[in-house]
Amino acid sequence: MFKKIIYSLCLLIGISIHSQSKGISFQKIDLEAAKAMAAKENKLIFIDLYTTWCGPCKLMAKNTFTDPRVGEVFNKNFINIAIDAEKEGVNLVKEFKIVNYPSFLFLDHTGKLVQYDFGYYNAEQFLGVGASVLGKVSAQNNKTLDQVKGKMVGDIISNFTAKDHLGKTFSLSGEKEKLIIVFIRGQWCPYCNKYIETLQNLSPELQSKNARLVIISPEKPEFIEKTINKTKTGYTVLYDEGYKIAEAFDVLYTPNTETLNFYNSRLKDDFTKSRSDNSGRLPVSATFILNENKEIVWRHFNPDYKERASVEDILKNL
């Protein structure tokens with residue numbers, strides 16, 4: 001009898017856990033941890049801002065957040081956290097001027113607001129809210145070449161982290177010297193490889209100018225290895241996983257269909273499998289100089305990948 005009771009309890013617990021796993025999986029982390037996770041996993045952040053006395057908040061938790069369809073969409077695309085507005089969410093309430101509950105904040109990995117909603121939604125309606133957010137971000141992330149303008153002189157670049165081909169982590173906030181940030185399209189691009197070779201002429205001058213040159217590639221580490229082997233460069237080459245750095249500098253674009261078809265057919269795996277997704281997005285081959293405060297003090301931005309910043313101009317503006 002005792003064994004049957006234990007078995008029944010285990011079965012009920014198992015059913016309960018399985019049921020919960022079908023809905024939205026809320027992470028028990030704070031916003032800073034959610035931002036780090038969103039950046040790493042290339043996701044957005046969804047915050048359910050609730051109060052303990054709010055009836056619609058309880059209905060959302062009971063009826064909407066537990067829906068399997070909602071769970072599938074939100075767990076795939078968002079880092080989900082639920083925050084009590086009257087406890088750990090007090091600063092969020094002030095920052096976003098929240099007066100209605102439940103409130104729903106959709107943020108990017110930097111904490112920037114993408115969309116705000118509030119009130120009770122059933123599962124079908126809330127799926128529409130999620131689709132609206134994802135559609136908005138997709139439109140922002142799929143700029144054409146003529147829509148990207150690059151960050152301007154005077155802009156401050158927020159911190160980013162990335163790993164090189166050896167797995168060593170680079171953090172912008174940890175750099176104390178001036179930085180030359182160079183974007184390349186990949187090891188398959190002969191213009192990029194030639195340019196990296198040319199940049200070797202800068203190397204003897206960098207130490208005296210308290211500067212460091214960092215190359216940003218959208219390609220995975222094994223493809224970065226090819227870049228290094230082809231160019232014999234000694235500079236740091238970072239893998240821009242999820243295109244986070246290219247987005248931060250506003251150099252990320254989606255080539256037109258004709259160009260994408262050409263790259264896919266001509267380059268095959270060197271193009272389709274080299275990056276973190278199959279969107280075909282690429283960075284403009286731009287160069288930026290950042291001072292010690294991470295402020296852009298000079299830039300070379302030309303949508304034509306054949307046109308690159310000259311060594312002379314870089315040295316002159318360091």
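Which side chain does Arg281 meet in a salt bridge? In this predicted model, the partner of Arg281 is Glu247, with a distance of 3.9 Å from N to O. That value falls inside the cut-off, which asks for a side-chain nitrogen of Lys or Arg within 4 Å of a carboxyl oxygen of Asp or Glu. The structure holds 10 salt bridges, and the pair of Arg281 and Glu247 is one of them. As a reminder, side chains of opposite charge can pair when their charged atoms come close.

The domain assignment of the protein gives domain 1, covering 31-142, and domain 2, covering 155-317. Their contact draws on five residues from domain 1 and five residues from domain 2. Between the C-alpha centres of the two domains there is a separation of 33 Å. About 550 Å² of area is buried between domain 1 and domain 2, and carbon and sulfur atoms give 39% of this area. On the side of domain 1 that touches domain 2, the residues comprise one nonpolar and four polar, with no charged ones. The count of salt bridges between domain 1 and domain 2 is zero. Polar contact across the interface comes to one residue pair, both members being at pLDDT 80 or more.

The structure holds 28 aromatic pairs. In one of these, the ring centres of Trp53 and Tyr101 are 6.1 Å apart and the planes stand at 80°, so the arrangement is edge-to-face. Trp53 is in the loop between strand E1 (44-50) and helix H3 (55-64), and Tyr101 is in the loop between helix H5 (90-96) and strand E3 (103-107); the pair therefore ties together parts that are 48 residues apart in sequence.

Tyr101 also takes part in a backbone feature: the peptide bond from Tyr101 to Pro102 is cis, with omega near -5°. Pro102 is placed in the loop between H5 and E3. Lys232 is found in the loop that runs between helix H9 (221-231) and strand E9 (236-239).

Terms used: Residues numbered from 1 in each chain as written. Predicted model: local features only at pLDDT ≥ 70, side-chain atom pairs only at ≥ 80, totals over all residues. Heavy atoms only, no water. Domains from an automatic or database assignment. Contact = heavy atoms within 4.5 Å. Buried area = accessible area lost by both parts, 1.4 Å probe. Polar contact = N/O pair within 3.5 Å; in protein donor to acceptor, adjacent residues only side chain to side chain. Nonpolar A, V, L, I, M, F, W, Y, C, P; charged D, E, K, R; others polar. Phe/Tyr/Trp six-rings, centres within 6.5 Å; stacked < 30°, edge-to-face > 60°. Helix = DSSP H or I, 4+ residues; strand = E, 2+ residues; numbered from the N terminus.
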